[in-house]
Amino acid sequence: MNNSTQKIMKPNERTMARLKAGCICKGVKLIRLIEAIENGATTFAQVAAVTGVGDGPCEGKRCRMKVEELLEQHHSR
Ligand code: FES
């Protein structure tokens, strides 16, 4: 993927993403989702395979939309 090295967020936003939850059920921070996408994940399934999100008690109801928004944000650049 040619834009996989582009950063999704500005540096100060990335700092905040280290603190924010990406997947509450699995205890995965938002920055891990971002890094997975920047490293080439192009689907929720791929992000889930790398980070472990999506198979918690809510079965992805809370984190899937977040991942899909990040994917769209990254790939619309
Ligand atoms: S928040 Fe990710 S599986 Fe529930």
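User: Which residues is Val-47 in contact with, leaving aside its neighbours within four places in sequence?

Analyst: Two residues are in contact if their C-beta atoms, placed from the backbone, lie within 7 Å. Leaving aside those neighbours, Val-47 is in contact with Leu-33, Ala-36, Ile-37, Ala-41, Val-53 and Val-67. A word on the source: this is a predicted model, where local features need pLDDT of at least 70 and side-chain atom pairs count only at pLDDT 80 or more, while totals for chains, interfaces and linings use all residues. Residues are numbered from 1 along each chain as its sequence is written.

User: OK. How many helices and strands does the protein have?

Analyst: Helices (H or I, at least four residues) and strands (E, at least two) are DSSP runs, numbered from the N terminus. Here you get four helices and two strands, and from the N terminus on they run α-β-β-α-α-α.

User: Which residues have the most contacts inside the largest nonpolar core?

Analyst: First, the terms. A residue is buried if 20 or more other C-beta atoms lie within 10 Å of its own, exposed if 12 or fewer, and partly exposed in between. A nonpolar core is a set of buried Ala, Val, Leu, Ile, Met, Phe, Trp, Tyr and Cys residues joined through C-beta atoms within 7 Å. The largest one here has 17 residues, and those with the most contacts inside it are Leu-33, Ile-34, Ile-37, Val-47, Val-53, Val-67 and Leu-70. Helix 2 (30-38), helix 3 (44-51) and helix 4 (64-75) each supply at least two residues of this core, and helix 2 gives the most, with five.

User: And which residues of helix 2 are buried?

Analyst: Leu-30, Arg-32, Leu-33, Ile-34, Ala-36 and Ile-37. Their cover includes helix 1 (11-17), strand 1 (21-23), strand 2 (28-29), helix 3 and helix 4.

User: At what angle do helix 2 and helix 4 pack?

Analyst: Two packed helices are described by the angle between their axes and the distance between the axes. Axes are lines fitted to C-alpha atoms, for helices over the stretch in contact, and angles run from 0 to 180 degrees between N-to-C directions. Helix 2 and helix 4 pack at about 40°, with their axes 10 Å apart. That makes helix 2 oblique to helix 4 (under 35 degrees is roughly parallel, over 145 roughly antiparallel, 65 to 115 roughly perpendicular, and the rest oblique).

User: Which residues meet there?

Analyst: Leu-33, Ile-34 and Ile-37 in helix 2 meet Lys-66, Val-67, Leu-70, Leu-71 and His-74 in helix 4.
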